[in-house]
Amino acid sequence: MSLLQLPAASTSSSAFLGVDPRWRNFFGFASSGASLYHDASARGFRVRCQSTSPPRTKRNILDNASNLLTNLLSGGNLGSMPTAEGAVSDLFGRPLFFSLYDWFIEHGSVYKLAFGPKAFVVVSDPIVARYILRENAFSYDKGVLADILEPIMGKGLIPADLDTWKQRRRVIAPGFHTLYLEAMTSVFTKCSARTITKFENLIEVAKARGDETIELDLEGEFSSLALDIIGLGVFNYEFGSITKESPVIKAVYGTLFEAEHRSTFYIPYWKVPLARWVVPRQRKFHADLKIINDCLDGLISNAKETRQEADVEKLQQRDYSNLKDASLLRFLVDMRGADVDDRQLRDDLMTMLIAGHETTAAVLTWAIFLLAQNQSKLKKAQEEIDSVLGQELPNFESIKELQYIRLIVAETLRLYPQPPLLIRRALQEDRLPGGYRGDEDGFTIPAGTDVFLSVYNLHRSPYFWDNPDDFEPERFLTLRNNDNIDGWSGFDPSRSPGALYPNEIVADFAFLPFGGGPRKCVGDQFALMESTIALAMLLQKFNVELKGSPDSVELVTGATIHTKHGLWCKLRRRA
Ligand code: HEM
């Protein structure tokens with residue numbers, strides 16, 4: 001087989017960008033541009049809007065052009081690195097991360113994926129991942145991911161330049177302190193209870209027709225639940241999306257849809273001059289952004305008007321039971337010495353809204369998908385829930401006792417990591433260490449090289465996991481210690497004493513559900529507790545089966561792995 005060649009531009013809607021539509025899903029590793037959010041955004045509305053993203057400067061354009069050039073040139077300059085040669089058909093009809101897995105098995109844990117002169121380094125190795133994410137983290141930035149997200153998240157933590165990131169991370173991370181997380185468990189419980197009530201009401205209606213079972217798209221329901229939770233937890237805003245649709249909710253879905261669409265395109269079409277005024281989808285996107293930004297601006301100005309300044313240590317000791325607003329925004333505004341302009345705050349909030357919404361919804365979706373196919377494990381989960389909770393609601397303390405549910409959440413993240421790939425770009429020439437299965441001496445990569453860290457490959461690697469494709473939450477209790485692999489310390493829970501959930505430290509970077517190193521997810525504990533509570537409350541009340549066969553649930557990926565047509569399930573009240 002020969003190296004992939006870029007096909008010629010076609011005459012389709014993408015043609016004005018010079019991109020063959022067959023290549024449009026390349027960067028986002030998607031098999032389809034369609035998504036869960038399509039309907040919500042398609043029913044959107046238009047509002048005349050002002051610019052909400054930073055002005056395009058000559059400098060920006062030059063930087064992008066020079067990045068692209070460096071990257072193109074680096075393609076042929078990766079020395080002796082094994083090269084994946086695939087057929088174009090490998091890229092279509094299924095998400096690219098499946099092909100990246102096949103090439104990993106064939107070529108080893110560090111290989112070059114070449115597309116004509118363009119090349120990416122694909123890493124599926126814990127030693128190299130640890131090096132890039134932790135040991136030499138500041139020699140890499142987010143590369144193409146930042147290009148895609150910057151118009152939406154501005155200088156929020158994910159796309160931020162290093163200086164801004166350092167400043168904001170220092171302020172935001174302490175916001176996720178223990179008392180805040182404890183206060184959040186009542187938000188998780190309250191919102192999950194609303195979802196449960198909705199299902200119970202639907203079952204009552206079904207009963208009136210003589211039916212005990214309802215059929216519904218749980219992915220859609222989890223998306224609403226996660227949106228309501230992130231709104232309350234991050235900026236004390238009640239989306240109420242479980243029961244209603246509002247312009248702000250529509251705008252959030254519209255923005256998410258566009259973010260996903262952008263992540264599935266190779267060329268940044270949104271940077272084409274005048275596109276935002278001429279292309280209807282771009283106009284709608286900017287209108288949606290304006291609606292969200294207006295809403296966030298209102299919340300920020302309210303929070304500032306009621307500011308009660310205090311030192312960070314004092315804020316972390318607040319009596320949350322007496323606070324009307326326990327949100328992260330309250331914390332960020334009240335923190336002494338952390339004054340920041342409204343625009344930065346808005347970028348922070350927008351980043352957390354997007355980073356914390358779809359990811360958690362995806363965890364719940366795939367957990368149910370896996371459990372529905374493993375009814376004995378679902379029963380085991382329900383037995384634990386019955387013995388820990390009975391008919392009571394969960395709280396902060398019960399999370400500690402819901403061990404099996406926590407392991408289900410971790411195992412779901414192993415099999416369906418969100419996102420399946422982490423993206424980096426080398427800021428300078430670097431020497432990657434030898435991996436466990438690659439070149440002993442490692443490889444040199446030039447500045448500008450785009451690196452894909454395949455979390456999916458790491459999590460399903462036959463070299464680190466027994467029966468890697470099987471759903472076995474229990475595996476985390478008996479992980480083998482592969483200390484015969486040079487440079488990798490194996491699995492060892494004692495490296496992370498007190499951790500409630502398996503993490504990258506325990507696995508020495510063979511398990512990366514939230515990344516690792518300084519850019520590790522700042523909301524990991526929030527998300528894990530949210531998923532544990534929502535799952536426990538659902539299984540406490542209902543039995544779940546898939547409506548169709550597991551094979552009929554098609555996967556698509558943008559930033560996260562989700563289904564093409566929803567996760568249609570049958571729900572029945574437990575006796
Ligand atoms: C199950 C749910 C979640 C998953 C799987 C997840 C996963 C991740 C991963 C893998 C990263 C690292 C990305 C990289 O290194 O390129 C990340 C970063 C981040 N996540 Fe999460 N996340 C989740 C929930 C949340 C929540 C609930 C929030 C906020 C409330 C959040 C906020 C962030 C932020 C701000 C970053 C950027 C951190 C930085 O660069 O300093 N995430 N997330």
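Q: How many of the ten residues of helix H5 (residues 144-153) are buried in this predicted model?
A: Helix H5 is mostly covered. Among its buried residues are Val144, Leu145, Ile148, Leu149, Ile152 and Met153, and the charged residues Asp147 and Glu150 are buried as well. The number of buried residues in H5 is nine.

Q: Is methionine 537 buried or exposed?
A: Methionine 537 lies in helix H19. A residue counts as buried if 20 or more other C-beta atoms lie within 10 Å of its own. Because methionine 537 has 21 such atoms within 10 Å, methionine 537 is buried.

Q: With which residues is methionine 537 in contact, leaving aside its neighbours within four places in sequence?
A: Methionine 537 belongs to H19. With the neighbours within four places in sequence set aside, the contacts of methionine 537 are Ser192, Ala193, Ile196 and Pro394.

Q: How far apart in space are methionine 537 and lysine 324, C-alpha to C-alpha?
A: In sequence, methionine 537 and lysine 324 are separated by 213 residues. In space, their C-alpha to C-alpha distance is 25 Å.

Q: Which helix supplies the largest share of the shell around the ligand?
A: Helix H14 (342-373) and helix H19 (524-541) each supply at least two residues of this shell. Of the 22 residues around the ligand, those that come nearest are Gly356, Thr359, Gly515, Cys521 and Gly523. The largest share, seven residues, comes from H14.

Q: How many residues of the shell around the ligand are nonpolar?
A: The shell holds 22 residues. Two of these are charged and seven are polar. The number of nonpolar residues is 13.

Q: How is helix H15 (residues 375-389) oriented relative to helix H17 (residues 403-415)?
A: The axes of H15 and H17 come within 8 Å and cross at roughly 140°.

Q: What is the class composition of the contact of H15 with H17?
A: H15 contributes Lys380, Ala381 and Glu384, while H17 contributes Tyr404, Ile405 and Ile408. By class, the contact has four nonpolar, no polar and two charged residues.

Q: Which residue of S13 is the bridge partner of leucine 546?
A: S10 and strand S13 (residues 568-573) pair over five bridges in the antiparallel sense. In S13, the partner of leucine 546 is cysteine 569.

Q: In which sense do S2 and strand S3 (residues 118-123) pair?
A: Strand S2 (residues 110-115) runs parallel to strand S1 (residues 83-84), to which two bridges join it, and alanine 84 stands opposite leucine 113. S2 and S3 pair over six bridges, with lysine 112 opposite valine 121. The sense of the S2 and S3 pairing is antiparallel.

How values were computed. Residues numbered from 1 in each chain as written. Predicted model: local features only at pLDDT ≥ 70, side-chain atom pairs only at ≥ 80, totals over all residues. Axes fitted to C-alpha atoms, helices over the stretch in contact; angles between N-to-C directions. Helix = DSSP H or I, 4+ residues; strand = E, 2+ residues; numbered from the N terminus. Contact = placed C-beta atoms within 7 Å. Near = placed C-beta within 6 Å. Pairing = 2+ DSSP bridges. Buried ≥ 20, exposed ≤ 12 C-beta atoms within 10 Å, placed from the backbone.
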